[in-house]
Amino acid sequence: MKIKFRKRHLFLVLAFSSAIIAAMNSGVDSIAGDLMNNYWVLSISCFILGFIVSLLFSCLLSIPIKGKSIGSQTFDPSFNRIRLITKQEIAYHALAGLGNSIMTIGYFALFYDPNLGRSPAAILPFAQVVILYLVVAESITEKDTPTLVEIQSALIVTFGAILGSISLSGTISVRALAIVFLIINPGSMLFSFYQRKLKMIKIKDKPNDSINIRLWNVVFALIFTCIITFCWSLYDGTNYLFGGLTASINYFGWLFIMATGTFFSFVFYIRALGIGKASIAQAVKSTVIIFSIPVTIVLSYYGYVDPFTTDPTLLIIKAIGMILMILGIISFTVTLAKSYVFIKVKPGYSIEDTMQKLWKIKGVNRVCAVAGPYDFVVKIHTRTFVKGYERIIRKIAELPSIKEYKMQSVLKEWENI
Amino acid sequence: MISAYILLNMKPGNNEKAIAEMRKIEDIAKISIVTGEYDIVVRAQVESLEKLLAVTDKIQMIKGVNKTTTQVIEKEITS
């Protein structure tokens with residue numbers, strides 16, 4: 001029997017779980033980074049093990065028990081078994097894989113920045129600036145203009161991330177910022193954006209599952225990382241491809257743990273992407289910065305990273321950064337208003353034509369032509385009820401074919417996810 | 001697969017218990033408490049019209065449900 005959940009609750013649980021696993025994983029990344037001395041080698045070996053682990057877990061989760069796969073009973077109800085990708089998915093997987101590859105190479109390049117000292121608490125905040133990129137991308141492609149609240153929240157999270165990322169010596173590295181803004185975040189945006197597109201695709205009338213999406217993302221990311229590394233090796237005159245292969249054998253244990261953590265962190269993240277907007281999922285996942293602090297303290301205790309700062313000024317700045325991020329995340333997640341609009345159409349007007357006109361209105365999330373007392377049920381998503389009325393309802397009312405409409409605001413919602 | 005919206009009018013004070021009952025019905029994909037003329041909007045996803053009838057029947061048997069209005073979806077556009 002399926003039980004319905006509050007969508008927002010499941011979304012938050014998934015995104016926070018992903019952040020906690022990612023924070024723990026960042027500690028293992030630091031150790032692996034300490035063992036290898038080159039980010040190309042680290043990236044290649046990480047994706048080789050990522051592929052092996054993803055394949056292994058996808059096969060294990062495909063085993064059926066009482067007619068349903070383990071994966072569908074535990075991690076994602078949409079998962080049936082491991083499968084080949086469809087034609088419709090290829091382009092999205094290629095772009096998401098390219099994004100993952102670029103983002104990972106950039107992320108590992110930061111590990112070898114002398115100002116950051118391979119500390120997760122200093123490196124992870126940088127990557128959170130991607131929220132700004134996602135808000136812009138969503139406003140262009142998802143026919144949803146960002147509201148003032150969204151822009152404010154994105155900026156608050158970004159400034160919080162920048163303050164939180166001040167290195168232990170109190171400096172900000174220009175090289176690191178260039179890598180963040182020009183490599184990691186564009187890559188991360190591609191990755192998040194197309195993974196969400198993949199999650200929204202229906203496969204045989206069922207939502208696409210996060211386990212197959214993750215497996216195939218790693219396959220494409222491995223291919224792109226090999227191509228990019230090979231091109232760099234030709235320019236550089238080195239052989240990082242072979243280095244990556246041998247490193248994945250020599251440091252199999254640490255890389256296996258790292259790949260396992262990454263697999264589950266992304267399975268949760270992709271499921272969260274299927275529920276909420278990419279920018280909001282990313283905002284919640286930004287709490288990885290907070291969870292990375294205890295990880296950094298443990299690593300510094302064992303001597304893997306520089307000692308955690310005790311300078312009160314730096315600690316206050318970092319604390320302000322964290323508080324700003326949390327405030328930004330809360331305002332991002334709690335201000336979504338949904339409404340149903342029930343519409344009757346005047347005789348003599350085409351239903352199909354009206355449907356297309358309704359769909360073109362920004363903020364309209366779903367249009368259903370229905371049989372019954374009404375002709376359409378329209379679902380709208382806005383940041384405030386005032387904006388919903390001003391921007392959406394007024395435009396619906398202006399359509400000449402509309403005879404009558406009723407707006408009903410959603411107070412609470414449960415859903416099978 | 002057939003999808004439908006079922007719009008419910010409730011007797012005052014019965015929403016919480018009725019929703020707890022509805023959350024157990026397998027073919028219901030979404031339940032929303034709303035303000036306005038209706039009290040609850042339910043989205044059902046079923047394999048046939050016969051099963052849709054079974055769902056509306058189950059809903060009407062729940063204590064506190066005053067009236068149901070079913071809207072079968074003929075075509076849908078979603079993001």
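Seven bridges join β6(A) to β8(A), and the two strands run antiparallel. One place to look along this pairing is Lys338(A), which stands opposite His381(A) in β8(A). Before going further, please keep in mind that this is a predicted model.

## The sheet in chain A

Val367(A) stands opposite Val378(A) in β8(A), and Cys368(A) stands opposite Val377(A) in β8(A). The hairpin of β7(A) and β8(A) has four residues between its strands, and Gly372(A) takes a positive phi near 145° in that hairpin.

How much of these strands is covered? In β7(A), seven of the eight residues are buried. In β8(A), six of the seven residues are buried.

Chain A has 417 residues, and buried residues make up 57% of them. Among the contacts in chain A with a separation of 6 or more, 81% come from residues 24 or more positions apart.

## Crossing into chain B

The pairing of strands carries on past the chain boundary. Six bridges join β7(A) to strand β4 of chain B (residues 65-78), and these strands run antiparallel. Val370(A) stands opposite Ile73(B) in β4(B), while Arg366(A) has Thr78(B) as its bridge partner in β4(B).

Taken as a whole, the interface brings 34 residues of chain A into contact with 32 residues of chain B. The area buried between the two chains is about 3300 Å², and carbon and sulfur atoms give 51% of that area. On the polar side of the account, 16 residue pairs are in polar contact between chain A and chain B, with both residues at pLDDT 80 or more.

Which elements of chain A supply at least two residues each to the side that touches chain B? They are β6 (337-345), α15 (351-360), β7 (364-371), β8 (376-382) and β9 (402-415). β9(A) gives the most, with ten residues. By residue class, the side of chain A that touches chain B divides into 19 nonpolar, six polar and nine charged.

## Salt bridges

A search of the whole structure finds nine salt bridges over all chains, and three of them lie across the interface of chain A and chain B.

| Residue | Partner | N to O distance |
|---|---|---|
| Glu352(A) | Lys75(B) | 2.6 Å |
| Glu76(B) | Arg366(A) | 2.7 Å |
| Lys24(B) | Glu21(B) | 3.7 Å |
| Glu404(A) | Lys406(A) | 3.9 Å |

The side chains of Glu76(B) and Arg366(A) meet in a salt bridge, and this pair crosses between chains, from strand β4 of chain B to strand β7 of chain A. Are the two partners buried or exposed? Arg366(A) has a relative accessibility of 17%, so it counts as buried, whereas Glu76(B), with a relative accessible area of 29%, is partly exposed.

The pairs within one chain can be described in the same way. Glu404(A) is partly exposed at a relative accessible area of 32%, and Lys406(A) is partly exposed at 23%. In chain B, Lys24(B) is partly exposed at 44%, and Glu21(B) is partly exposed at 40%. Salt bridges that share partners also join Arg366(A), Arg43(B) and Glu76(B) into one network.

## Two loop residues in chain A

Two loop positions are worth a visit as well. Lys66(A) lies in the loop between β2 (64-65) and β3 (68-69) of chain A. Lys66(A) is not a glycine, yet it has a positive phi of about 50°. With a relative accessible area of 84%, Lys66(A) is exposed.

Ser78(A) sits in the loop between α3 (70-74) and α4 (87-111) of chain A. Is Ser78(A) buried or exposed? The cut-off for buried is under 20% relative accessible area, and Ser78(A), at 14% relative accessibility, therefore counts as buried. Leaving aside residues up to four places away in sequence, Ser78(A) touches Lys199(A), Lys206(A), Pro207(A), Asn208(A) and Asp209(A).

Methods. Residues numbered from 1 in each chain as written. Chains lettered and ligands numbered in written order. Predicted model: local features only at pLDDT ≥ 70, side-chain atom pairs only at ≥ 80, totals over all residues. Heavy atoms only, no water. Contact = heavy atoms within 4.5 Å. Buried area = accessible area lost by both parts, 1.4 Å probe. Salt bridge = Lys/Arg side-chain N within 4 Å of Asp/Glu carboxyl O. Polar contact = N/O pair within 3.5 Å; in protein donor to acceptor, adjacent residues only side chain to side chain. Nonpolar A, V, L, I, M, F, W, Y, C, P; charged D, E, K, R; others polar. Pairing = 2+ DSSP bridges. Buried < 20%, exposed > 50% of the residue type's maximum accessible area, 1.4 Å probe, protein only.
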